[in-house]
Amino acid sequence: MRIVSCYIEGFGRLSKQNICFDRNLQQFCQQNGTGKTTLASFIKAMLYGLPTDGKGRKFNDRKHFYPFDGGRFGGNLVLEHGGATYKIERFFDRLSETKDTLTVYRNGTLTTELGEKIGERLLGIDQDAFERTLYVTSDQIEIESTDSINGKLAKYVENEDEESLKEALKALSEKRKKLKPTRGENGMIPSLRKEITSLMSQIADKRAVAGSLSADYCALAEMEQQKRELLARQQKLFSTKAVLAQWEQYEQLLSGSHEAEKRMQTLLVKYPKGLPDAEQAAALCREADALWQAKAKADTDSGTHGEAYLALKKKFAAGIPSEEELLSVKADAEREKEL
């Protein structure tokens, strides 16, 4: 038999939940109180129902697993058995077993072939044997042989005689004592419980350390934020320093501009008619060179022809005649020739 899925309409704290199972070993690792035992009890109830008898308990499963928020009490279980798919639907009354309803489908068709004792028909053991073997909870563990278990064990013992069965029961009893002796706190189960308690204590310590680390992480995050702000301020100061350097350079250029403007004004006063352009300046330079050359030649000639120069200088002591005077003298000379 393999359980395929179940739908819980309402059972204890579980409500309207659809749970699917694959072909692998199923594990439900959750905190206490999340509904693991409730799920196991629901599967048991789908197979065996919910007896009204409390069997010495403070209250029976029917009262214990009645939906917390009311509503329909029960659901369905889908399983595979013998090559067929069965869907078991059970809904329970809060108090009376006689008001419960059971519906079974085989491959989608309504069937009564499993009868009322579905768990016994499919598993071959009664509810009491199921609770002592396949159904194990954290708060109630009791491994003990029953008539139903004895019947199942008899099929797997090599010699189906009473002695072989006693040996099998003895082996089970010894195994049970190793897991949890009748008295004392020895055995694997108490040992595991102690280890779990120790681990829970270690987890609490780790959580306390984690709490302090959280405060350290917050302080680190704050310091990182301060670091980013300081880097931003530093970058801003660098930018301000660069602007000040540019401003200082601008002041120097502006001062140089004022000095150049003063020199320009001086030149404008010196040259009221305007400054010569490059071509004019070049022409003036050439003329100045020609004058210097002429002066140098004149100085040379005055040394060679000193007497002629002195005679001319004496003759023209009053100054060199103008062009008009020269033309008048030339005209007089022409008339004298004609006469």
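Colleague: How many salt bridges does the structure hold?

Modeller: The structure holds nine salt bridges, where the term stands for a side-chain nitrogen of Lys or Arg within 4 Å of a carboxyl oxygen of Asp or Glu. This is a predicted model, in which local features need pLDDT of at least 70 and side-chain atom pairs count only at pLDDT 80 or more, while totals for chains, interfaces and linings use all residues. Residues are numbered from 1 along each chain as its sequence is written, and side-chain values use heavy atoms, with hydrogens and water left out.

Colleague: What makes Arg2 and Glu80 a salt bridge?

Modeller: The closest N and O atoms of Arg2 and Glu80 are 3.5 Å apart, and because the limit is 4 Å, the pair qualifies. Arg2 belongs to strand E1 and Glu80 to strand E3, so the bridge ties together parts that lie 78 residues apart in sequence. Strands, like helices, are DSSP runs numbered from the N terminus, with at least two residues (E) for a strand and at least four (H or I) for a helix. Arg2 and Glu80 are also linked with Arg23 in a network of salt bridges.

Colleague: Why is Glu80 called partly exposed?

Modeller: Glu80 has a relative accessible area of 28%, and because buried means under 20%, exposed means over 50% and partly exposed is what lies in between (1.4 Å probe, protein chains only), that value belongs to the middle class.

Colleague: How do you know that Asp100 and Arg62 form a salt bridge?

Modeller: Their closest N and O atoms are 2.8 Å apart, which is within the 4 Å limit. Asp100 sits in the loop between E4 and strand E5 (101-106), whereas Arg62 is in helix H2 (residues 61-64), so this pair ties together parts 38 residues apart in sequence. The two partners fall into separate classes, since Asp100 is partly exposed at 22% relative accessibility and Arg62 is buried at 1%.

Colleague: Why is Arg132 called buried?

Modeller: The relative accessible area of Arg132 is 19%, and because the cut-off is under 20%, the residue counts as buried. Its salt-bridge partner, Asp128, is partly exposed at 31%, and the N to O distance in this pair is 3.2 Å. Arg132 and Asp128 both lie in helix H4, four residues apart, which is about one turn of the helix.

Colleague: What makes the largest nonpolar core a core, and which of its residues touch the most other members?

Modeller: The term covers a set of buried Ala, Val, Leu, Ile, Met, Phe, Trp, Tyr and Cys residues joined through side-chain atoms within 4.5 Å. The largest such set has 31 residues, and Cys6, Ile8, Phe11 and Leu47 touch the most other members. Among the elements that give two or more residues are strand E1 (2-11), strand E2 (14-20) and helix H1 (36-48), with H1 giving the most, seven residues. In soluble globular proteins, nonpolar side chains tend to be buried together.

Colleague: What is Ile8 in contact with, leaving aside its neighbours within four places in sequence?

Modeller: Taking contact as heavy atoms within 4.5 Å, the partners of Ile8 include Leu14, Ile19, Leu39, Phe42 and Gly74.

Colleague: What makes the length of helix H10 agree with its number of residues?

Modeller: The expected span is 1.5 Å times one less than the number of residues, so the 16 residues of H10 (323-338) should span 22 Å, and the end C-alpha atoms are 23 Å apart, which agrees. The number of buried residues in H10 is zero, so the helix lies largely in the open.

Colleague: Why is Lys16 called exposed?

Modeller: Lys16 has a relative accessible area of 55%, and because exposed means over 50%, the value qualifies. Lys16 is placed in strand E2, and its phi is near 50°, a positive value in a residue other than glycine. Asn107, which is not a glycine, also has a positive phi, of about 55°, and lies in the loop between E5 and strand E6 (109-110).
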